[in-house]
Every structure is written in structure tokens, then in C-alpha cells.
Amino acid sequence: MPGTQVLLSHSRLARVAARVSGALPGLLTVALVTVLVTLLGLPGGATEAWAADGRAPGKPKEERFDLKAPGTTHLALDRVRKESPEPYQERLEVKVRTRGRSGALQHEGGRMTADISQLADRVRFKGSYRCEKPTKTRIDCGAEVLDKLVRAQFDLLARKSARAGDSGPVRFTYTSPEGTVRTATTTVVIGQPRLGVQKLPVRKDVARGDVVRLPMVFKNTGELPVHGVGVWITGGVNIPPEKRHRNCRYHYDSSGVWCFLPDVHVNPGEVWRLSPGPGVRNLGSSLYEKFDYGVFPMNHRFGGSPGDRTYEGGERGRGGPVRAVRTSEKKGDVFHTGPDGPDMYQLTRGKAVHADYQVRGTMVTAPPGETVRVRVGARNNGPGVFDPEDPEVSVALTVTFPPGTKLVRGPRELIDSEERYSPLCERHDRSYTCEVGALRKGKAYTTFDFLVRPGKDGVGKVRLRKDEGELPRNDPKPDNDTAKIVIRTGPDHIATTPFVVLGCVAVGIALLCTRRHWWAFLRRTVRGRAPTS
């Protein structure tokens, strides 16, 4: 009927479709429903639109995300950490974790508020992104959107009124651009349980295959007690199963060992020692074995220590446990804290394993002023080798040329496709210093090419620089660590060279012309010496 408004609700439409579907095939049912929906969408019609995700009409879409903040944050009492140039002690990061299809870009314009009312007199807070002027109890900042990450950062600094052990909650409230609110809480604790470890001395005369214990000595350099001590070593998995500790886990994929002593409690200032310490084994053909090691408090992750997942995985040992005993601090003891502190524990094999480095010199013959190439080098006759990744290995050649020799160009290497070069050796007047490093065992020489112009006869020298530091080569043949660079030139050499060549040519012609006579004489001589039957 023209001009008549047809009102049809979704429930009535469903009842009509159900009645029709019982009498008509499936395709006809779909066609009929499509026609009804089309008619309802004509001018004069009225429908209630449902969302594609099944939400009721007028109901706002629920945003799928949550707020993630650290459960506990420890704040050291020192005013500014010496190892950090930043004017804060800890940076607290609160993240908005999106779920489902809700992307990070939808949170552009969100706000993060921090309620610091219970810590305002002991901790100074500072926001880092689009923050409004803070009050004594509240900080309001924008949420920073970085690709798929939504976060807000706050810098924390302990005030002079703070005391070790003080703590309080910080309540974070995030409001999305759509008005959805999420909250999270972090407990800020004043003070840190912090462990520093001594650098162990170099162990010498360790035979190949020996298991050596690491008697680590550590101290609580923090402000709070340590409840549980963790020990980590890299490269210590190659020890016999019967000598592995049952409170340690051996990770073969990372060549790391993790030991846990949860019952050890270390108060601030106390010094403890592992007894027995975890074992490492001296293997391979290297002159030195190095093992990174360190300790950390199990009740606090400090200075980039590995995550909690290290408590799991790996193969547990079956031998006796690693233990810790109380000891006293000695005068001059230094305890290193943090990932760059405890450095290395070094095992020296002793004189049974050595590295015979051999130097090769050369002799050059050229007239004065002519540019010639001088090639020198070194090789390792073995049997030992240095670790090529060891930054402390320093083996170098010192190349000295005779007086009057002009250095045109030293050794160099191509560094890019634009034919730019970088020098391989450092120049000092008439000499060069060339780093050889850790040479592999073999007959091939590592060579360095120099371009020189001889001025007169002379003898130079190439030699291996004397060992420096705590990593000697234990070279059993020091005599071959030096070789000569001989340069021949001068008027006498130049004048006699053509005559020598002419003389050789004349002798050859004479022998060729008289070959019948001397050849017959030679045959008679050979026959006369032959034995008679």
C-alpha cells in the first residue's frame, strides 16, 4: 500500500524466516530473507542495526586491553648511580597490552595517571611524555604509542628523607581515548639487595681435562638483605656428570650453568664464599679458557641479570650441592657489581701447552729509488692457540727497515665498495707495528705487504713484540721470533749485473759449439769407470 510505513523488528523477521524455511528449500529461504531485508532498507522503512560482533543496539564496543606494571620496583639510596649519566635511579615503565584486533594506534591520545600520594615525601617522580604540571600527589601524562607498543615512563629518584626499607604503592590509571579505564599498582621499595663479587686470580698450570672449582667471594653491597643467592657461569657445562651439583642446572644450548642457594641470607655488608664452588673444565686446544661468572640476589633482579625463566630448563646435576659459608672481608678487597663487574675467571694451561709463533723475513734486490714490495709475516706452529674472540690477546709484529729506506705505503685493507682503504699497521718513523692477534695453527703465514724505495744496502728486522699482560704464549722456540729484512742495492751491484749475464751467455755458447769434443770425452770417461764382468 503506497505511503504506508512498514515496521518490522528483528525478532519478527526471525519468526517469518523460520516459518518459511520449513516449507522452502535452503536457497529459496536465503533469497526471501534477502528481499525482506532490502525492503526494510527502503525509504520509509525503519530497522534497528546490530553490530557485526553481535552487540545489542546502542551498546558501546568493549575495548580489549589491559594495563601491565611491575609488581615491585627497588630504588637504590645513592643519589645518582655512578655507572649511569642519567639524573635518575630507576625508570619505571607501564605498558598497555592490547589484545585481539585492537591495535596500538587506537590508543593515540590516551592518558596515564600516577597516584604517588603515599611516596611523595620520599621519592621524586617525573613523567617523560606530554605531562601536565604535576601536583604533590598526582602525575598526569600521555601514553606514548610506538608501533605496536603503548607505554608511559616515569623516572624515580630517592629523596634525602628516604630510608632503607621504606615502601609504598603507586596506583596507575589509564584512560583510553574511548573512555575505558584500566588500573595497575606497583610497590616501590627504598633500597636494593645488591651482590658484588671479587675477580678471581688467574689459575696457572691447569692440565687439560682438569675440573677446577670457582671459590667465588661475594658481598651484599646494597641496603636490603639478600634472600637467596643465584650463581651463573658461562662455558662450564663440559664437566663429568658425577661432578655436577644437584642444585645447579646445566643449559647446553647456551653453555651456561645456573646454581641456586635459596636458603642463604646475606645482610648488608656481609661477605660470603662458595665452598665448594661450581666446577669448570679445561678443554680444547686454547692456551687459556675463560669463563664469565657472577652472583645475583634471587629476591631481586639487578643490573640486567637473566630473567626468571632461567630457574627452569637445563639438566640438573646429581653430585653434591654448591654451598656458601660466611667469611670476613680482607683489606684491599674489591667487589664488582653489575653485568660489567665480575669480568672473567681465567684458566692457564701451564707450560705443557704452548704456542710456537714463527716470523718470516725477506731479501730484496733493487736499484736505489725503485719501488719494490717487501712481504713479511708470522705463523703459529702450535700446538696451542689463542681464543680469537679474546680482546686481551695482544700479539704484534714490529717491522723495522734499514736507514735510507723510504716507506711508500704500509699494509692496508679494502673497507668498502668505493675502494677506500684502512691501514693494517701503525707507523712509527722507520718502523711499523702490525697486530697479528690469535693465529690459527698451520703452515700458512699471515703476511703484511709494504712498498718501499731502497736507498742503500742495509739490514732491517721483523720481530714479535714481547708478551704483555697476563696471557703469555709460553713459546718454546723464542729464536724464531725474529727475522731479517735484507736490502741489496748500490753501484757495484748495478755495474756487475750486466757482466754476469753476458758471462753466463758466453759460457753457454762455448759449450754448445764444442759439444762433440766434451761429449765424447764424457762418454769415454763413463765407460772406463764401468765395472768389468
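The following legends describe close-up views of a predicted model.

**View A. The open sheet of 5 strands.** Pairing in this sheet is mixed, and the strands follow the order S2-S10-S9-S4-S6. Strand S2 (72-75) and strand S6 (138-142) form the edges; each has a single partner strand, so one side of each lacks a neighbour in the sheet. On average, neighbouring strands here are turned by 25° against each other, direction ignored.

**View B. The pairing of strands S4 and S6.** Strand S4 (residues 111-115) runs antiparallel to S6, and 5 bridges join the two. Within this pairing, Ala114 of the model is placed opposite Ile139 in S6. In general, the strands of a sheet pair through backbone hydrogen bonds, in either a parallel or an antiparallel manner.

View C. Most residues other than glycine have a negative phi.

**View D. The cis peptide bond between Ser275 and Pro276.** Omega of the bond joining Ser275 and Pro276 is about 0°. Pro276 is located in the loop between strand S17 (271-274) and strand S18 (279-281). Most peptide bonds are trans.

**View E. The cis peptide bond from Gly382 to Pro383.** This bond has omega near 0°. Pro383 lies in a strand, namely S25 (residues 372-383), whereas Pro276 lies in a loop.

Definitions and conventions: Residues are numbered from 1 along each chain as its sequence is written. This is a predicted model: local features need pLDDT of at least 70, side-chain atom pairs count only at pLDDT 80 or more; totals for chains, interfaces and linings use all residues. Side-chain values use heavy atoms; hydrogens and water are left out. Two strands pair if DSSP finds at least two bridges between them. Helices (H or I, at least four residues) and strands (E, at least two) are DSSP runs, numbered from the N terminus. Axes are lines fitted to C-alpha atoms, for helices over the stretch in contact, and angles run from 0 to 180 degrees between N-to-C directions.
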